[in-house]
Structure formats: C-alpha cells, structure tokens
Amino acid sequence: MRAKIILCLLVVLSLLFYCQKEKSTEPVPDNGLHPQVDLPWPSLADSPWPIANGNVQRTGRSRFQGPQQGIIEWTYPDEGQYLMENNSSAVIGEDGTIYFTTNRHLHALRPDGSLKWKFTPDRMMGGSPMIGIGDIIYVCAGEAIGSSVYNGCYYALQNDGSIIWEFLTQEGLFGYGDAIGLDGSIYFTGAEGTLYALNKDGTLKFKTKGVGGFISGRSSIAVSPDGLTLYVSGLDSTLNAIDAHTSSINWRFFRGENFNNANHMVDCEGNIYSYAKEQGEYTIISLTAKGELRWEFKHGVLNDFNATCDMHLDKNGNIYFSTNTKFCSLDYDGNLRWSVLFKGQSPTGAILGDVDGIIYFGWDYLLAYNQNGNKKFECNLRFPLVAGAISDNKSLYVCAEPKFYCIK
C-alpha cells in the first residue's frame, strides 16, 4: 500500500513538472548562430563553383576548403604574356575546367593552368560565364566589333567551346552576374535596361523594363531560395522583386541612391541583404522576402565606405563586408561583431568564404581572415583582383589583371 502511494505521488509530481514546462514563457537561448544550408540547384553544374559568387543567392560561400598557405601555385598565361581587361569571376565546370573572360575571349583552363581552348566571338566579351547542368556554358558578349550599333549576343556552349545556340539582342550585354532558374531559365540584363529571360533552348521567355528599367553590368541578379523570385537593381534606385515566370513585379523597395554597385545577397530563409545610400551616407539593410525592412546598419565604420565589393554570408549567418580601409563583420541581426584594418587598397569583386569559415578578399593583396577577424595569410598579387572561385583542391582561382592565378 505504501509503495502505491509513493508511486502515485511521483506520477502527480511528474505531471505538474510537465505542465509547468509547457507553460514556460522563457525565451529560447540564442547562441548567435543561424545555420545556413547550401540549397540544391539542379539546373547548375555539379561543380565546386558554377557561377559568380558560388550560387544564385550570391552568398560567396563554398562547401570546400580554400587556400591554406597563401602561395601562388601557377599563373596563366606564360611568362612574358599578359591578359587584357579581365571582365569576370572565375567559374568551374563539372570536369574541373576553369572558365573566365577577357575583353575578346572566353578562356578554358585545365586545373594545372594550361590552356584547354579559347572561344573568340565577333563581339567584345561582356561578363562572367556560368555553368549549367551537363557542363553547358552560358556567357554574353557585348557589341559587335567594328559596328556602330550596340547589339549583344547570348551564347550557350558545349564544354569543348562549340556553340549550341545564340540569342541576339538590340542592346549591349555586360553582365557580371547572370542567373539561372530552377527550371533552367537564363536571366540577364541589357545595357538599355531590359531584363531578359530565355528558355533552356535559347528562345525568349520574356523581356521587360519593369517600371524604370534595370541596371546592367556590375550588379548581379539574385534568386530566392524557392526559385520563384528574382531580385534586380532598378535604374531608378530601387530593388525589384520580380516573378521569375511571368515578369510581374511583386514589390519594389526604394532607399535613396541604392542598389547600384554591388550584389544583393539572399539567405536560406529568404531574407535579402544589400547596400543602400541615402543623403550621401551608406547603410547596409536586410529585407524580408515580402520586401519589409528587417534591420538597418548605420555606423561610423561606413564613413569611408565604397560599395565595390560584394558581401559574404558564412555558414553561421554572419555577414562580412569591407570599406576602403576596414574589413568588418555583422551578426545575423545586423549588429557589428568586429572591424579590423587591412593591408592594401580598397577591395573589389567579392568576399568569399570556405567551409571552415576562412574568408578571402582583397585588391592588390589577397587576404585571408578567420571568422573572428584574425588574419590567416596575405598574398601580394600586385594587381587588382577580380572575383574568384574556390575549388575542391584547396585552391582559389582569381584573375589579377594581367595574370590569372591559382592560390594554394
């Protein structure tokens, strides 16, 4: 009998504890980590870096280790030869081939730095290539050489450099960061403000200038995690959320002189990050997928800001950006984590990060920092670098005109 009474009391106490736990309103502890996942994108090549910034969300994040030592493994082209007017980020194909453009050529290099082939159209090359499933290369070219008419051409190429299809436009094409949809649609902007969408076979899906036209060149197109929305900079200083299938505008966000230089970035929850400028002062903003302001970062660290270097989002949800003299990090909620002075000139291109959280950026120096702002190495390239690509062999491929480098 006594044992039954004790058992009943234990049951009652357990129920009271459970009910009290269920009613607790204590906040869940926030450890500052907001894990980011790599979103599957089956229309892109299954390669370490198939598109500028690594993915169509433009986070600059790799699933592989990057360089560990900061030494130059090889350069292209050979001694005494030089590249002219590099236009693009490096990208990597399914077979490990490295692709980038200069003003007249699309170069295809083997992983050892030797030339595999060059594609030379009758137009000036216009921007970064991207690699689709099946190792198909998509790249644009600007105006025809010797022509007074600005007419561009968009190409789909086999991985041997032969043309699959081409699409002519009535305006120049200079796309730093074109995009590819989940269904394989190709998105890019023209010099006169047109947003184009092509089907996989190169036929026109739609073209639109929206309300006031869209920016071509330095600013890239970012895509929402579900593939339904494109984020494109407007010529009227707006961020435009555009339906990827119908070209209708879901919303527009205006903030002074914003969205004209560096890329927008999208996290795995659909939040958007971008630079903005209002009354001569830069800010960094985060929007929800509905276009509502999530947070805004204003700080003295931005006093010497120049929005020429794309932001980076690491696997824990931390954000990285640079000013002319400082390398900085924000947490997921837009609070400053740290800022450090760096060596060299104001960075250009993009900030990239590897699977271990090592961050790479620079201008005349390639710099590597860890997530806490401590420098891992520096590599003097002596020339301004353009956005690179992290490979699966602990290498970073980057063009610092007039040479293309492999950094280990």
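**Inside the fold**

Let's start with a cysteine: Cys309 counts as buried because its relative accessibility is 1%, under the 20% cut-off. Cys406 is buried too, with a relative accessible area of 2%. Keep in mind that this is a predicted model. The count of disulfides in it comes to zero.

Now look for the nonpolar side chains. In soluble globular proteins, such side chains tend to be buried together. Here the largest nonpolar core has 32 residues, and those with the most contacts inside it are Trp74, Tyr360, Leu366, Leu381, Tyr397, Phe404 and Ile407. Among the elements that give two or more residues to this core are strand 1 (72–76), strand 3 (98–101), strand 31 (365–369) and strand 35 (403–407). Its largest share, five residues, comes from strand 34.

Leaving aside neighbours within four places in sequence, Leu381 is in contact with Ile72, Asp364, Tyr365, Leu366, Val398, Ala400, Tyr405 and Ile407. Apart from this core lies another, of 29 residues, with Leu44, Val56, Tyr154 and Ile242 among them.

Where is empty space left? Rolling a probe the size of a water molecule over the atoms shows this. The count comes to one cavity of 30 Å³ or more, and the largest cavity has a volume of about 50 Å³. Its lining includes Tyr360, Phe361, Leu366, Gly388, Leu396 and Val398, and strand 30 (359–362) and strand 34 each supply at least two of the lining residues. By type, the lining divides into ten nonpolar residues, one polar and no charged.

Methods: Residues numbered from 1 in each chain as written. Predicted model: local features only at pLDDT ≥ 70, side-chain atom pairs only at ≥ 80, totals over all residues. Heavy atoms only, no water. Disulfide = S-S within 2.5 Å. Buried < 20%, exposed > 50% of the residue type's maximum accessible area, 1.4 Å probe, protein only. Core = buried A, V, L, I, M, F, W, Y, C linked by side-chain atoms within 4.5 Å. Helix = DSSP H or I, 4+ residues; strand = E, 2+ residues; numbered from the N terminus. Contact = heavy atoms within 4.5 Å. 1 Å grid on protein atoms, 1.4 Å probe; cavity = no way out; pocket = protein on both sides within 12 Å on 5 of 7 lines; lining within 4 Å. Points joined across faces, edges and corners; volume = space filled by probe spheres on them. Nonpolar A, V, L, I, M, F, W, Y, C, P; charged D, E, K, R; others polar.
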